[in-house]
Amino acid sequence: MDEGTSEKITSNSQEIERFPEIKIDSMNLFYGAAVSGIKEFRLAEESTIGEGLYLTSQLEAAEGYAKRRARIKLDSKPTVYHVEVSNLRMADFREKMTLDIFASKLKNRLLEELKKSNLPFYVEGAMRQTLEKINAHSYRSEKDLMWSHQNLSTEIIKSEGFDGLIAQE
């Protein structure tokens, strides 16, 4: 795993900040599920911070997720899966600096979305709440920014060429 640093690129007198990145050649991770017998993983659609497969490097955390998920599903059997990942480019969201870069990009996207006239009132309200957090710098984690904006968050990460993100919970 190679850890990178954030870099700024100047283009037409406009600074563009890039997320710090981690390149994963090969890594063993865990997935905590409510059921056994999974043959193929699907990307989470209803998720905390965006589309994806939520993995952890800590066996104990995966066991906790499996038990939590099993409590809400009938006929469940908490199961931890060992998952090997390789050749991934991940945005490193473990530092506040990355959240600040993401907040700037999300702010621009939210302002674009708010120009649309057909937004449901609750979507517009969630966007305005997040913009208030961004303007006040009152966010503490990726969840503070991405909650209610999972699709936009996923689009931003993918548009930067990343396969996903690494965060601390």
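Helices (DSSP runs of H or I, at least four residues) and strands (runs of E, at least two) are numbered from the N terminus.

Figure 1. H5 itself covers residues 150-159. Its buried residues are Leu152, Ser153, Thr154, Ile156 and Ile157. Buried means under 20% relative accessible area, exposed means over 50%, and partly exposed lies in between (1.4 Å probe, protein chains only). The buried residues of H5 pack against helix H2 (96-114), helix H3 (121-136), helix H4 (142-146) and strand S6 (164-166). This is a predicted model: local features need pLDDT of at least 70, side-chain atom pairs count only at pLDDT 80 or more, and totals for chains, interfaces and linings use all residues. Residues are numbered from 1 along each chain as its sequence is written, and side-chain values use heavy atoms, with hydrogens and water left out.

**Figure 2. The protein chain has five helices and six strands.** From the N terminus, the order is β-β-β-β-α-β-α-α-α-α-β. Of the 169 residues, 34% are buried. Contact means heavy atoms within 4.5 Å. Take the contacts between residues at least 6 apart in sequence: 72% of them join residues at least 24 apart.

**Figure 3. The largest nonpolar core has 22 residues.** A nonpolar core is a set of buried Ala, Val, Leu, Ile, Met, Phe, Trp, Tyr and Cys residues joined through side-chain atoms within 4.5 Å. Phe19, Phe93, Phe102, Leu106, Leu110 and Leu145 have the most contacts inside this core. H2, H3, H4 and H5 each supply at least two of its residues. H2 gives the most, with seven. Apart from this core lies another, of 10 residues, including Ile22, Ile24, Tyr81 and Val85. In soluble globular proteins, nonpolar side chains tend to be buried together.

**Figure 4. Helix H2 has 19 residues.** From first C-alpha to last, H2 reaches 26 Å, close to the 27 Å expected at 1.5 Å a residue. That expected span is 1.5 Å times one less than the number of residues. Among the buried residues of H2 are Thr98, Leu99, Phe102, Lys105 and Leu110. Which residues touch Leu110, leaving aside its neighbours within four places in sequence? They are Met127, Thr130, Leu131, Ile134, His149 and Leu152.

**Figure 5. Phe41 and Tyr81 form an edge-to-face aromatic pair.** Rings of Phe, Tyr and Trp (its six-membered ring) pair if their centres lie within 6.5 Å; planes under 30 degrees apart count as stacked, over 60 as edge-to-face and the rest as tilted. The structure holds seven aromatic pairs. Phe41 lies in the loop between strand S4 (21-33) and helix H1 (59-71), and Tyr81 lies in strand S5 (residues 79-92), so the pair ties together parts 40 residues apart in sequence. Phe41 is partly exposed, at 29% relative accessibility. Tyr81 is buried, at 14%.

**Figure 6. Two charged side chains sit over phenylalanine rings.** A charge sits over a ring if NZ of Lys or CZ of Arg is within 6 Å of the ring centre and within 35 degrees of the ring normal. The charged end of Arg89 sits over Phe162, 4.1 Å from the ring centre. Lys105 lies over the face of Phe19, at 5.8 Å from the ring centre. Phe19 and Phe162 belong to one aromatic cluster with Phe93 and Phe102.
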